[in-house]
Amino acid sequence: MPDKVVKSDTEWREALTPEQFQICRCSGTERAFTGRYWNTKTPGVYACACCGEDLFSSQTKYDSGTGWPSFWKPIDDERVVVKTDHSHGMIRSEVLCARCDAHLGHVFDDGPPPTGLRYCLNSASLELKPES
Ligand code: FE
């Protein structure tokens with residue numbers, strides 16, 4: 001496992017944009033079809049916007065039609081943590097960065113083969129590193 005990244009709210013606030021802080025550190029959600037990656041097809045690796053850990057590959061990104069960047073698996077299951085989330089009157093599975101606890105989005109079981117999973121993430125939680 002990578003070393004944990006722990007920062008205070010003040011430090012995160014300084015390191016992130018206000019939108020990133022709201023989404024990554026306060027479990028916010030960007031509006032559908034407004035994020036910078038929902039329709040991106042560029043080959044590369046999507047890293048955590050907070051700690052830089054490589055989390056998802058463009059090779060497992062697909063068009064879910066939801067308006068959020070969607071993936072059917074992380075680069076490594078150990079790089080994300082899934083937690084039960086009871087907010088907003090729903091029971092959902094929240095996806096967090098295992099290294100820095102950034103809120104990434106939620107995972108649902110209506111994804112494509114081979115996993116059947118849909119990691120529905122916020123663009124603001126991610127930083128695409130295009131393949132060179
Ligand atoms: Fe992180």
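User: What makes Cys 50 count as buried?

Analyst: Happy to start there, and please keep in mind that this is a predicted model. Buried means under 20% relative accessible area. Cys 50 has 12% relative accessibility, so it counts as buried.

User: Which residues coordinate the iron ion, and at what distances?

Analyst: The iron ion is coordinated by the SG atoms of Cys 48, Cys 51, Cys 97 and Cys 100, at 2.3 to 2.4 Å. Donors have to be within 2.8 Å of the metal, so distances of 2.3 to 2.4 Å qualify.

User: Why is the site of the iron ion called tetrahedral?

Analyst: Four donors count as tetrahedral if all angles lie between 85 and 135 degrees. Here the angles among the four donor atoms are 103 to 114°, so the site of the iron ion is tetrahedral.

User: What spacing do the donors of the iron ion follow along the chain, and what does the pair Cys 48 and Cys 97 tie together?

Analyst: The spacing is C-x2-C-x45-C-x2-C. Cys 48 belongs to strand E1 (residues 44-48) and Cys 97 to strand E6 (residues 92-97), so this pair ties together parts that are 49 residues apart in sequence. With relative accessibility of 2%, Cys 48 counts as buried, and Cys 97, at 0%, is buried too.

User: What stands opposite Cys 48?

Analyst: Leu 126 in strand E9 does. Five bridges join E1 to E9, and the two run antiparallel. Two strands pair if there are at least two bridges between them, so five bridges make E1 and E9 a pair.

User: Why is one side of E2 and of E9 left without a neighbour in the sheet?

Analyst: The sheet is open, with three strands in the order E2-E1-E9 and antiparallel pairing. Strand E2 (54-57) and strand E9 (126-130) stand at the edges and have a single partner strand each, so one side of each has no neighbour in the sheet. From one strand to the next, the twist averages 35°.

User: Why is His 88 called exposed, but Asp 101 partly exposed?

Analyst: Exposed means over 50% relative accessible area, buried under 20%, and partly exposed in between. His 88, at 67%, therefore counts as exposed, while Asp 101, at 43%, counts as partly exposed.

User: What makes the backbone worth a look at these two, and at Pro 114?

Analyst: Most residues other than glycine have a negative phi, and most peptide bonds are trans. His 88, in the loop between strand E5 (80-85) and E6, has a positive phi of about 60°. Asp 101, in the loop between E6 and E7, has a positive phi of about 65°. A cis peptide bond, with omega about 5°, joins Pro 113 and Pro 114.

User: How do you know that the radius of gyration of the protein chain agrees with a compact globule?

Analyst: A compact globule of 132 residues would have a radius of gyration near 14 Å, and the protein chain has 14 Å, so the values agree. The chain comes to two helices and nine strands.

Technical notes. Residues are numbered from 1 along each chain as its sequence is written. This is a predicted model: local features need pLDDT of at least 70, side-chain atom pairs count only at pLDDT 80 or more; totals for chains, interfaces and linings use all residues. Side-chain values use heavy atoms; hydrogens and water are left out. Donors are N, O and S atoms within 2.8 Å of the metal (3.2 Å for Na, K and Ca); water is not among the atoms, so sites may look incomplete. Four donors count as tetrahedral if all angles lie between 85 and 135 degrees; four count as square planar and six as octahedral if opposite donors are over 155 degrees apart and all others between 65 and 115; anything else is irregular. Helices (H or I, at least four residues) and strands (E, at least two) are DSSP runs, numbered from the N terminus. Buried means under 20% relative accessible area, exposed over 50%, partly exposed in between (1.4 Å probe, protein chains only). Axes are lines fitted to C-alpha atoms, for helices over the stretch in contact, and angles run from 0 to 180 degrees between N-to-C directions. The radius of gyration is taken over C-alpha atoms; the globule rule is 2.2 Å times the number of residues to the power 0.38.
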